[in-house]
Amino acid sequence: MMKGGFEVVHATLDMIQPHEPIWDFASVGFPTTSVSSIPRQAVENRCSNLEGNELSEWVEQVTKQLIDDLPAETETDSSLLADTSMVCEDSFAPSPLGDFRARKTVRRSFLDGSGEENQWSNEQGNQTNNFCENGVNGRGLSRLDEQGLSLITLLLECAVAISVDNLGEAHRMLLELTQMASPYAPSCAERVVAYFAKAMSSRVINSWLGICSPLINYKSVHCSFQAFNNVSPYVKFAHFTSNQAILEALHRRDRVHIIDLDIMQGLQWPALFHILATRIEGPPHVRMTGMGNSMELLVETGKQLSNFAKRLGMSFEFHPIAKKFGEIDITMVQVRRGETLAVHWLQHSLYDATGPEWKTLRLFEQLAPRVITLVEQDLFHGGSFLDRFVGSLHYYSTMFDSLGAYLPADDPSRHRIEHYLLYREINNILAIGGPARSGEDKFKHWRSELARNCFVQVPMSSNSMAQAQLILNMFPPAHGYSLVQGDGTLRLGWKDTSLFTASAWTSRASR
């Protein structure tokens, strides 16, 4: 009989050897225009009643004001903007980003290069900004808050300039921002602006030079991903909920084949191996195909997993493929008769891990796996630059807020995560990605695409929910993490913003 959901977590306590530092307790799942052209007074008035003035709340309010006042020429795709919240109807409140609509106007285009200063329609734009002697203004915002709001407003002006290809004006404002905002600042707003300004500067320079794809140090990225796992529940949530769904799909199966579309260091799999090795009916033969961008790193990961499986007495094979999943031929996967196939995909925005999405979907259909475990970022990577900017600013403001609630501003791990992980995602979305550069638009929701193409959703079980709740219990409620089960999925978020959604699917052919 298959062991219960909690055992996937509890078994991890017994499985780590002291001489295997790559898989310590933490890594497996246990924590050891000009600036004056925008009426900022009106924007900041929107924020005066926000409790605690979290950055993510500021971004919602400031962006709503500025999008409301966008000229018609820069109007964004309303269907995409309405999709940025990606929240569960059961609990997470829809983001104000979901209600953005660019306002039609008879004014000339903003930042059109004509030298004329265009105005923004706002009835509150002429109000004054008076500070009290103690550094708090009449709206209850401190000087630090005021500075953060001013930086965010200028960042949004830069985004509008880039969206209408006024790169010269955007470059001028970005130079100003890089001098004003520091990634080491105590303010989350200033840190976010510093990284967004850096990414947008890369986009401007890349546009001038015709460069789209930077070199990536995958080993550094993977180490930062492990650090992220150590201090937040997001990666643990993805690993343990997916493991539980795979464990249930492989019940009483003797030969299993797991395909990990971006295996990195393989941190997810020791916990699952331990449970499979201790099944009452005996361990299955496990074959794993690990996808990635570096054969050297894949071979290293395969050795670690093979050594671990050997200590458990479990028969194990590892097959590395240093290519993107959407670019391979199905024969490279080497599916064998009698194997039960499971596919795992933890999505991220660090780099393009899978290649063309329509080809990835076709391969899923051809493989017809018993289960696909999918963990999606609640963030849309397609559409115009302004669409991606608005969605990513809200998403990563929330991510920075959640890290700031747990780690002090000068914590080295926090800076490493922000610099090597979150900034790389921001840069990939704003400076590298987009249909105009990649030639391909992204699916809005992979869940919707699977449902339309020969796959049936497998509701996440109560054991998966118990796994996720146990992980969240490692973090005090004051840190703001939230968990919602609904529509057959599990969603992990911070405050009212959903950030990651886990779901499981099966092929109709495999049934």
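A residue counts as buried when its relative accessible area is under 20%, as exposed over 50%, and as partly exposed in between. The structure described here is a predicted model. By this scale tyrosine 234, at 2% relative accessibility, is buried.

A pair of aromatic rings is described by the distance of the centres and the angle of the planes. For tyrosine 234 and phenylalanine 500 the centres are 5.4 Å apart and the planes stand at 35 degrees, so the pair is tilted.

A search of the whole structure finds 16 aromatic pairs. Ring pairs join Tyr234 and Phe500 into a cluster with Phe228, Tyr395, Tyr396, Tyr406, Phe475 and Tyr481.

Helix α10 comprises residues 234-249, 16 residues that at 1.5 Å a residue should span 22 Å; the C-alpha atoms at its ends are 23 Å apart, which agrees. Helix α10 is mostly covered, with 15 of its 16 residues buried.

**The packing of α7 against α8**

Helix α7 (residues 167-180) packs with helix α8 (residues 188-209) at an angle of about 145 degrees, and the two axes are 9 Å apart. The crossing of α7 and α8 is left-handed. From α7, the contact is made by Leu167, Gly168, Ala170, His171, Leu174, Leu177, Thr178 and Met180. From α8, the contributing residues are Glu190, Val193, Ala197, Met200, Ser201, Val204, Ser207 and Trp208. By class, the residues of this contact divide into 10 nonpolar, 5 polar and 1 charged. An α-helix has 3.6 residues a turn, so residues three or four places apart point the same way.

Leaving aside residues up to four places away in sequence, isoleucine 162 touches Leu167, Ala170, Met200, Arg203, Val204 and Phe385.

**Separations in sequence and in space**

The table sets out C-alpha distances for pairs of residues that are apart in sequence.

| Pair | Separation in sequence | C-alpha to C-alpha distance |
|---|---|---|
| Isoleucine 162 and valine 204 | 42 residues | 7.7 Å |
| Glycine 168 and valine 204 | 36 residues | 8.6 Å |
| Methionine 474 and serine 232 | 242 residues | 9.5 Å |
| Glutamate 339 and aspartate 254 | 85 residues | 8.0 Å |

Methionine 474 is placed in the loop between α18 (462-472) and β7 (481-486). With 26% relative accessibility, methionine 474 counts as partly exposed.

Glutamate 339 is found in the loop between β3 and β4. Its relative accessibility is 14%, so glutamate 339 counts as buried. Residues up to four places away in sequence being left out, glutamate 339 touches Arg255, His257, Arg287 and Gln334.

Glutamine 334 has its place in the loop between β3 (316-321) and β4 (340-346). At 41% relative accessibility, glutamine 334 counts as partly exposed. Most residues other than glycine have a negative phi, and most peptide bonds are trans. Glutamine 334, although not a glycine, has a positive phi of about 55 degrees. Alanine 368 likewise is not a glycine and has a positive phi, of about 50 degrees. The place of alanine 368 is in the loop between α13 (357-367) and β5 (371-377).

Conventions
Residues are numbered from 1 along each chain as its sequence is written. This is a predicted model: local features need pLDDT of at least 70, side-chain atom pairs count only at pLDDT 80 or more; totals for chains, interfaces and linings use all residues. Side-chain values use heavy atoms; hydrogens and water are left out. Axes are lines fitted to C-alpha atoms, for helices over the stretch in contact, and angles run from 0 to 180 degrees between N-to-C directions. Helices (H or I, at least four residues) and strands (E, at least two) are DSSP runs, numbered from the N terminus. A crossing is left-handed if the near helix is turned anticlockwise from the far one by less than a right angle, and right-handed if clockwise. Contact means heavy atoms within 4.5 Å. Ala, Val, Leu, Ile, Met, Phe, Trp, Tyr, Cys and Pro count as nonpolar, Asp, Glu, Lys and Arg as charged, and the others, Gly among them, as polar. The expected span of a helix is 1.5 Å times one less than its number of residues. Buried means under 20% relative accessible area, exposed over 50%, partly exposed in between (1.4 Å probe, protein chains only). Rings of Phe, Tyr and Trp (its six-membered ring) pair if their centres lie within 6.5 Å; planes under 30 degrees apart count as stacked, over 60 as edge-to-face and the rest as tilted.
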